[in-house]
Amino acid sequence: MNGPEPWHLRTRRFLRATDQRAQLVRAARLVRRLVPGDELPDDPLTPSSSRSSDRIARLLSDAGADRPSATRELGLAAVQAWQAASRRTTHPDPSAGVTILFTDLVGFSSWALHAGDDRVLALLRAVADVSKSVITGHGGSVVKGLGDGVMAVFGDTGRSVLAAHETCSAVAAVQAEGYHPRLRAGLHRGHPHRVGADYFGVDVNIAARVMAAANGDEVLASAAVINALDPETVLTRRRRGFRAKGVPPDLQVYSVHPTYDS
């Protein structure tokens, strides 16, 4: 004859039943909707919050996803608020001037045509993850993912050059069958318009055009970036014949490489 159910099993069953009560789950979901930020956990392809919060959000979202849970909803609401606060506090004020970074994978589209969706997504997530790690490590803020690249902003121009080169090196170490990832990067300093967590305007367009002119593993920068750097900390070489739509015709662009580590 079986004895009474142990107290810890009864307690566990009670808590689980309570956690799954429809009324409590609805209330927790309402709280989550009222919290600022995105309701879905961030994907590395759209990096915008701290790496730790991304991981926690994905763990919470995956944990017991087959059943309702008030605890999970409240946990995601907390991470949501954390990510929203991170976005508000880490993006520099453009009124003081910011350095804009764009990156892009060279030769990616041709490889992706034959690689298959799973391998493509795995590579893009790896590239986004290492890019965000390096950029935030140098005090930059990733504004948004661009598929096979990112847009980021920095208050410190010197750190932006270091971050651009280290990101290229980190991405080159990512493994992908049949493809050797090579990143190109472009930098421009200016006063773009900030709308929420994003930036718009001519200066953003210039940074993107500068990046598009770079070769694999190369960092190009406008004269505005070069002028903001200590000349003893970088090596520069003028890119002759630079032309691009939507940028000033007299824009000067340089290949730039740091001469120090920090």
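1. Arg119 and Glu177 form a salt bridge in which the closest N and O atoms are 3.7 Å apart, a salt bridge being a side-chain nitrogen of Lys or Arg within 4 Å of a carboxyl oxygen of Asp or Glu. Arg119 belongs to helix 6 (residues 117-137), whereas Glu177 sits in the loop between helix 7 (157-172) and strand 4 (183-190), so the pair ties together parts that are 58 residues apart in sequence. Helices (H or I, at least four residues) and strands (E, at least two) are DSSP runs, numbered from the N terminus. Arg119 counts as partly exposed, at 33% relative accessibility, while Glu177, at 60%, counts as exposed; here buried means under 20% relative accessible area, exposed over 50%, and partly exposed in between, with a 1.4 Å probe and protein chains only.

2. Before going further, please note that this is a predicted model, in which local features need pLDDT of at least 70 and side-chain atom pairs count only at pLDDT 80 or more, whereas totals for chains, interfaces and linings use all residues. Residues are numbered from 1 along each chain as its sequence is written, and side-chain values use heavy atoms, with hydrogens and water left out.

3. How many salt bridges does a search of the whole structure find? The search finds five, and one of them joins the side chains of Lys144 and Asp198, with 3.1 Å from N to O. Lys144 is in strand 2 (residues 141-145) and Asp198 in strand 6 (residues 198-200), so this pair ties together parts that are 54 residues apart in sequence. Lys144 is partly exposed at 29% relative accessibility, whereas Asp198, at 16%, counts as buried.

4. Asp217 and Arg182 also meet through their side chains in a salt bridge, at 3.1 Å from N to O. Asp217 lies in the loop between helix 8 (202-212) and strand 7 (219-222), and Arg182 in the loop between helix 7 and strand 4, so the pair ties together parts that are 35 residues apart in sequence. Asp217 counts as partly exposed at 38% relative accessibility, and Arg182 counts as partly exposed at 34%.

5. For the aromatic residues, the rings of Phe, Tyr and Trp (its six-membered ring) are taken to pair if their centres lie within 6.5 Å, with planes under 30 degrees apart counted as stacked, over 60 as edge-to-face and the rest as tilted. By this rule there are two aromatic pairs. Phe108 and Trp111 make a tilted pair, 6.1 Å from centre to centre and with 50° between the planes. These two residues are three apart in helix 5 (residues 108-115), which means that about one helical turn separates them. Phe108 is buried, with a relative accessible area of 9%, and Trp111 is buried at 11% relative accessibility.

6. Trp111 and Tyr179 form a stacked pair, with 5.1 Å from centre to centre and 20° between the planes. Trp111 lies in helix 5 and Tyr179 in the loop between helix 7 and strand 4, so the pair ties together parts that are 68 residues apart in sequence. Tyr179 is itself buried, with a relative accessible area of 11%, and ring pairs link Phe108, Trp111 and Tyr179 into a cluster.

7. Turning to the sheet, seven strands form an open, mixed sheet in the order 2-3-1-4-7-9-8, where two strands pair if DSSP finds at least two bridges between them. Strand 2 and strand 8 (234-238) are the edge strands, each pairing on one side only. The twist from one strand to the next averages 25°, with axes being lines fitted to C-alpha atoms, for helices over the stretch in contact, and angles running from 0 to 180 degrees between N-to-C directions.

8. Strand 1 (residues 98-105) and strand 3 pair in the antiparallel sense over four bridges, and the bridge partner of Phe102 in strand 3 is Met151. Helix 7 packs on the sheet and touches strand 1, strand 3, strand 4, strand 7 and strand 9 (253-258), with its direction making about 170° with that of strand 4; contact here means heavy atoms within 4.5 Å.

9. Strand 2 and strand 3 (residues 150-154) likewise pair in the antiparallel sense over four bridges, with Ala152 in strand 3 as the bridge partner of Val142. The two strands form a hairpin with four residues between them, and Gly147 in the turn has a positive phi of about 80°.
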